[in-house]
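Morning, everyone. Please have the sequence and the 3D view open while I talk.

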Amino acid sequence: MSEQSVDLLTPVLTRNWGDERAWKLSNYERVGGYAALRKALKQTPDELVNLVKDAGLRGRGGAGFPTGMKWSFVPKDNPNPTYLVINADESEPGTCKDIPLMMASPHTLVEGAIISSYAIGAEHAFIYVRGEVLHVARRLQQAVREAYSAGYLGKNILGSGVNVDLVIHSGAGAYICGEETALLDSLEGLRGQPRLRPPFPAVAGLYASPTVINNVESIASVPCIVDNGKEWFSSMGTEKSKGMTIYSLSGHVKRPGQFEAPMGITLRQLLELAGGVRDGHKLKFWTPGGSSTPILTDEHLDLPLDYEGMAGAGSMLGTKALQIFDDTTSVVRTTLRWVEFYKHESCGKCTPCREGSWWLVQILLRLEAGEGVEGDIEKMLDLCDNIGGRSFCALADGAVACVTSAVRYFREEFEQAYHTPAWELFPYGRSALFASSKEGANA
Amino acid sequence: MTAADTSSEVTPRPDLVALTIDGIEVSVPKGTLIIRAAETAGVNIPRFCDHPLLDPVGACRQCLVDIPDAGNGRGFPKPQASCTMEVAPGMVVNTQVTSPVAKKAQEGMLEFLLMNHPLDCPICDKGGECPLQNQALSHGKAESRFEGVKRTFPKPINISSQILLDRERCVLCARCTRFSEQIAGDPFIALVERGALQQVGIYESEPFESYFSGNTIQICPVGALTSSIYRFRSRPFDLVSVPSIAEHDACGAAIRVDHRRGEVMRRLAGDDPEVNEEWITDRDRFAFRSARGTDRITTPLVRDGDTLRPASWPEAIDVAVAGLREAISGGAAQTARRGTDSASGRVGVLTGGRLTRENAYGYSKFARTVLNTNSIDFRSRPSSNEEAEFLAHAVAGTGLGVTNADLEQASTVLLVDFEPEDEAGTVFLRLRKANRKSGLKIWTVAPYLSRGSVKMGAGLVPTPPGAEAEVLGELPAEVELDAGSIILIGERAATVPGTLSAALGLAEQTGARLAWIPRRAGDRGAVEVGCLPGLLPGGRPVADASARVDVQAVWGSETLPGDDGLDAAGMLTAAAGGDFALVVAGVEPGDFADPDAVRTGLENASFVVSLEIRRSEVTDRADVVFPVALNEQQAGSFVNWEGREREFEAALPDKTTMNDLRVLAALADALGGDLGVRTPAAAAAEIAELDRWDGDRAAAPTSTISGSGDQDGAGDGELALATWRTMIDASRSNDGEDALLGTARRPVARVGVRTARDLGLGERVMVSTTAGQLELPLEVVPDMVNGVVWLPTNAPGFSVTENLRVLAGGTVSVNPLDSAEEEGEDK
C-alpha cells in the first residue's frame with residue numbers, strides 16, 4: 001500500500017475501532033467521547049438542526065436525503081411526542097458498515113442518538129437492530145446502560161434539563177423491516193410491512209406521532225460534526241456529497257473490510273487500499289452499494305463514489321457496500337442468488353414484488369442450468385419493467401436492478417445460458433474465496 | 001363534455017375538485033380517490049384490493065394509472081395506484097384507456113396475479129361471477145407467458161365451521177382481513193407468512209367466529225373463501241337472483257336471494273346505503289333452510305284424539321269455523337249478559353313477531369272484524385302493559401324516525417337494554433363505523449361492557465339488571481345528551497318497570513331522540529298494523545272513538561270493539577281457565593317469560609287454531625293446523641326499527657301454498673264475514689289508505705319505578721341475572737344450520753372479578769334456581785357490576801327460561817362446580 005493511498009483515508013467514525021475494548025464508555029471518553037454532547041447541550045435545538053443542514057450531511061442509509069432537512073420537517077405544533085428511530089436493520093447483501101460500527105464503538109451511535117434527539121425535540125429514541133445480530137444488540141444494551149449510569153441518558157441529562165430515553169429493539173428477521181415504514185410497524189409490534197404514504201413518518205410515524213428515521217451511520221456522524229464544525233465536515237467530499245463515509249469492500253479483494261474515506265473516492269483508489277483483486281484475476285463487475293444498486297464494471301473504476309457519480313452511471317451509491325467480483329464469477333449465478341434473496345424477503349404485500357420475484361427466480365434457475373429458451377432475456381427484462389416502479393415500496397426496485405444491469409453489461413453471458421450451464425462456463429470452485437468440499441467438487 | 005352547461009340547477013360547490021381523466025374534465029368532492037373519480041368519467045379501472053367501504057391499502061397494484069401532472073405541474077415518473085391517491089385540482093390522470101404505460105402495467109399485474117392462480121375455474125364457486133375472471137378477460141392479455149411451477153397449497157382448510165379457505169386461489173388483496181378488522185372488529189383472520197407464501201391465517205386457538213364472517217366471502221374477488229353450505233352446490237349462471245329483505249332481525253337488511261330449481265341456494269348482502277350498506281349478518285346470510293326438514297307442514301291437520309291427522313282444506317276450515325264460532329258467540333253471550341254494547345269474545349290472537357306487515361294486518365283486521373275482539377298481541381316474549389302504552393304513545397304510526405344515517409351524525413348515542421351486536425347486527429356495524437370514523441360517543445346502560453360494546457368504543461353506565469329506570473333518572477355527568485343525541489332502547493326494557501317511561505322522560509328533558517329497536521323483523525310492522533289490544537292500524541288508539549270511526553270507514557264495518565282486549569299474558573291466563581279460544585301464528589312457548597304457562601294455556605284453551613310452517617309445540621296442542629307460506633314464497637314487507645317500509649317480492653312464488661292472509665280470508669268467508677283483502681298487495685293498499693293516525697296520540701305510560709334490590713350481597717351465592725339472546729342461538733330459525741351454529745359463541749356465565757373471588761368460582765360453575773340448574777364455563781370480565789351474573793338466554797342446550805324459569809333481574813345461585821376449583825380459591 002503506498003503512502004499516498006493511505007492518505008486517502010479519513011478515519012473519524014472508525015478512528016477508535018482498533019483501540020483496546022473501544023466499546024467501553026471509559027475508553028470512548030478517553031478519546032474525547034461525549035464532549036460533543038456537552039457542547040451540543042449548550043446550543044439550541046434549532047442551531048443543531050441548522051448545523052447538520054449546513055454541514056451537508058446526507059443520509060448514509062442509501063437514498064442520500066439531507067439529514068438536517070429531514071429533521072426540519074418535524075412539525076412543531078403536533079401535540080404528540082416526537083420520536084427518533086435509528087434504522088440498524090442492516091440486512092442488504094454486501095452491506096456491513098453499521099454492524100461493525102455498533103460492535104466496535106456503540107457509544108458513537110449512542111452519543112449521536114442523544115444529540116439528535118435533543119435537536120429534533122424527541123425524548124424517546126429507538127435503535128431498531130436487525131434481529132439476527134444478537135451480539136450487536138447486547139453490546140448496544142451494555143452501552144446504553146453505561147450511558148444511563150453516566151447521566152448521558154435519562155432525565156435531566158448532565159444537568160441540562162434535557163430528557164432522552166433510548167431503547168434497543170431487536171427485529172424479528174426480515175429484510176423488509178429496513179424499509180422505514182415497515183420498520184415502524186415492526187417496532188409497534190405489528191407484522192413488518194410497508195405503510196401507505198402519506199402520511200409520512202415526519203407527521204405520523206411511530207404510534208402516529210412525528211418521527212424521524214435515520215440510518216446508524218448518519219446519526220453516528222452527528223457528534224463529529226458538533227465537535228469539529230460544519231466547515232470541517234464539508235471540507236471533505238465532493239460538491240454535493242459532503243463529508244467522510246464508510247466504504248465496505250468484500251468479495252474478491254485481498255484485504256476486505258471497512259475503509260473510511262471522503263465522499264467521492266474512486267473504486268480504483270479503494271481497491272488499492274484493499275490490496276487489489278485476487279492475484280491472477282481481474283475485476284469483472286461490482287456493486288456500489290449492496291445488491292439493490294445496479295452493478296457496474298471495470299469501465300467505472302474511476303467514477304467518484306458519491307451520490308451524483310453513481311447516479312450518473314445509472315446506479316446508486318446505496319450503502320457503499322462494494323462487492324467485488326472477479327473474472328471467475330458467473331454473472332447469471334450471482335444474479336440468481338440475489339433475486340432468490342429478494343424472493344425470500346419479499347413481504348408479500350403487493351403483487352409485482354411477490355409474484356414477480358417468484359417468477360424471475362424460476363427463469364434464472366433455468367438460465368443457470370443452461371436450459372434457457374430463446375426469448376427468456378427479453379421476457380425477464382419485460383417482467384422487470386412490470387415490477388420496478390410498480391410495487392408498493394422500493395424493495396422490488398432493488399430486486400430488478402441487479403437483473404437489468406447484469407443484462408445490460410453481460411448480455412452475451414445470459415445468451416450462453418440458453419445452452420451451457422453456468423457451472424460449466426464458470427466452475428464455481430474457482431470463484432470461491434474459501435474452499436468448500438461441495439463447491440470444490442464442481443471445480 | 002363540451003356541451004355548455006346552461007342548467008341553472010347546477011350550483012358550483014366550493015368543495016369540488018376539478019381534474020382531467022383521460023381527457024375528460026370531471027369535478028368530484030375533495031378527498032375522492034382517483035379510482036372513484038374515474039368512475040364518474042365512465043372509466044372503470046380494474047381493481048382487487050380496493051373496496052369503497054374499506055380503508056385503502058394499495059396492495060394489488062392492479063389499478064395503476066399514469067399521472068403526468070399531479071396538479072402542481074409535475075408528474076409522477078412511475079405509474080401510481082389510483083386507489084390510494086386523492087384527487088388534486090388540475091391533476092391529469094391517464095388510465096388504461098389513454099395511457100400505454102398504464103395499460104401495460106395493468107396487464108403485467110394481471111399476468112402476475114394469474115401466474116400462481118389455479119386454473120380451476122370450472123369447479124370454483126366464484127367462476128362466472130369472479131372479478132379476477134372478469135378483469136382477466138377485460139383488462140388482461142390473452143395468453144400468459146408463465147411456464148414455471150405454480151405455488152400450491154393443500155386444498156381448502158376450514159377457518160371456521162362455515163368458512164373455507166383455498167389458499168392457492170387467494171390473490172392476497174386483504175379485503176377479508178380488512179373487513180374483519182375494520183368493519184366487524186373481529187380480527188380473527190390475518191395475513192401470515194411472507195412473499196408468495198403469504199396467506200390468510202387464523203390463530204390456532206381462535207377460529208374465525210364472527211357474526212359477520214360471511215361478508216368476507218362476498219367481497220373476496222376470487223374463490224378463495226367459500227361457505228360450507230354453498231360450496232360446490234351451484235353455478236352462478238344457473239341461479240335466479242331476487243332482491244329481498246332479511247327476516248332475522250328488525251334491521252330490514254337488503255339481501256339477494258339466489259335460487260335454482262325451486263330451492264334457495266344462497267343469500268347475499270344487498271347494496272343499500274341507507275340501511276345495511278353492503279353487509280349482512282351471518283344469520284341473515286346462512287340461516288334459510290330451517291323449513292326444509294321433515295317437520296314442514298304441507299297439508300291442513302285436524303285433531304283426532306291425541307293425534308293430528310291430515311285433512312282437506314274444506315274440512316279443516318269447517319272444523320276451525322265450528323270451534324271459533326262457538327268462542328265468538330260465547331263472547332257475544334257474555335256481552336249480552338254484561339249489557340255492554342261491545343266486548344271482546346272469548347277468543348284471542350297471538351301473532352308472534354315474525355310476520356310480514358301484510359300478514360300481521362290480516363290478523364289485526366281478522367281479530368277486530370271477524371272475531372270481534374281486541375285481544376291480539378304480537379309479543380311472544382316477556383312484555384308489560386307499560387310497553388304496550390309506550391308503543392302506542394311513542395312508536396306506532398310515527399313513520400320514519402331515527403335512521404341509520406342519523407346514528408352516524410348523532411352527537412351521542414345512549415343504548416338502553418340493547419346489545420346491537422347480538423340483537424341488531426346492522427345497527428352494530430353502523431355504530432362501530434361512526435365511532436371508528438368520526439369518534440361517535442356511545443354509552444351503554446348495561447351490567448358490563450360486552451365484546452360488542454368494546455368494539456363500538458362504548459362507555460359503560462354500570463347498571464345491575466333491574467336498575468335501568470333508576471340509572472336513567474340519574475345518569476353520570478359525563479353522559480351528555482342534547483338535541484343531537486339518540487337513545488336506542490331495546491325490547492328487553494319492557495321487563496324492567498319504569499325503564500321505558502324513564503327513557504321517554506329523559507328524551508323529553510334533553511331533547512334527545514328516542515328509537516325502539518325490537519329483535520324481530522315483524523315486530524315494528526305488527527305495532528304499525530295494530531297487533532296490540534289497545535291499537536288499531538296506523539297508531540290509532542282503540543280507546544279513541546274517532547280513531548275507530550276512521551278505521552271503520554276504510555274497513556266498511558259498522559262497529560269495532562272498543563273495549564280493552566287482553567294482552568298475551570291475559571289471553572293465556574284466560575285460556576288456561578278453559579273458556580277461551582286462541583288463533584296462533586308463529587309462536588314458541590320457550591320465548592315467553594313462563595313457557596309452562598303458555599303450554600298450559602294452549603292445552604286448556606277451548607279451541608286452538610294454528611297457522612304454522614313447521615310442527616311446533618303450538619301445533620302439537622292445536623285443534624286445527626293450517627300450513628302457511630314461507631317468507632321466500634310470498635311477497636310482503638317488513639317495517640324495520642327506523643320505521644322504514646321494506647317491501648319484497650316472492651323469491652319462489654308458489655301458487656300451491658297459502659299465506660296467512662289467504663287462510664284468514666278463507667276463515668273469514670266461512671265465518672260469514674269478509675276480511676276484504678286476500679293478497680299482500682291488497683293488504684298493503686289498504687294499509688296505505690288507512691295511513692297514519694293524525695289525532696291525539698295515546699298517553700305516555702306513567703309507570704313508577706319499582707325499587708330494585710340492592711345487588712351488593714354476593715356472599716351467599718345469590719346473584720342478579722343479566723341475560724339476552726345472542727345472535728346465533730337455539731332459535732328454531734337456525735335449525736339445520738350446523739355450520740352456522742358452529743360459529744356461535746360458546747355459552748358461558750360471566751361474572752365480575754370481585755364476585756368470582758367472593759364466591760370462589762373456578763373454571764366451571766353451576767347456576768341454579770329452585771326450578772333447575774345449568775352447568776357452564778365461567779368467564780370473569782373486569783367491568784361487570786358486582787353481584788351480577790350474565791347468561792346467554794337461549795344458547796343451544798342452555799335455556800334460561802326453560803331451565804331456570806327466571807328473567808333478567810331475577811335471582812340465581814352461582815356456585816363453584818367441583819372441589820378442584822375450590823382449591824384454586826386462594827389464587
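Strand β2 (residues 122-129) of chain A pairs with β3(A) in the parallel sense, over six bridges. Strands here are DSSP E runs of at least two residues, helices are H or I runs of at least four, and both are numbered from the N terminus; two strands pair if DSSP finds at least two bridges between them. Within this pairing, Ile127(A) has Ile168(A) of β3(A) as its bridge partner.

Before going on, this is a predicted model, where local features need pLDDT of at least 70, side-chain atom pairs count only at pLDDT 80 or more, and totals for chains, interfaces and linings use all residues. Residues are numbered from 1 along each chain as its sequence is written, chains are lettered from A and ligands numbered from 1 in the order written, and side-chain values use heavy atoms, with hydrogens and water left out.

Back to the sheet. It is open, with four strands of chain A in the order β3-β2-β1-β4 and parallel pairing. Which strands stand at the edges? They are β3 (165-170) and β4 (211-215) of chain A; each has a single partner strand, so one side of each lacks a neighbour in the sheet. From one strand to the next, the twist averages 20 degrees.

Helix α7 (residues 106-120) of chain A lies across β1 (82-88), β2, β3 and β4 of that chain, at about 150 degrees to β1(A). Angles run from 0 to 180 degrees between N-to-C directions, and axes are lines fitted to C-alpha atoms, for helices over the stretch in contact; contact means heavy atoms within 4.5 Å.

Last, confidence. The model scores ipTM 0.94 and pTM 0.94.
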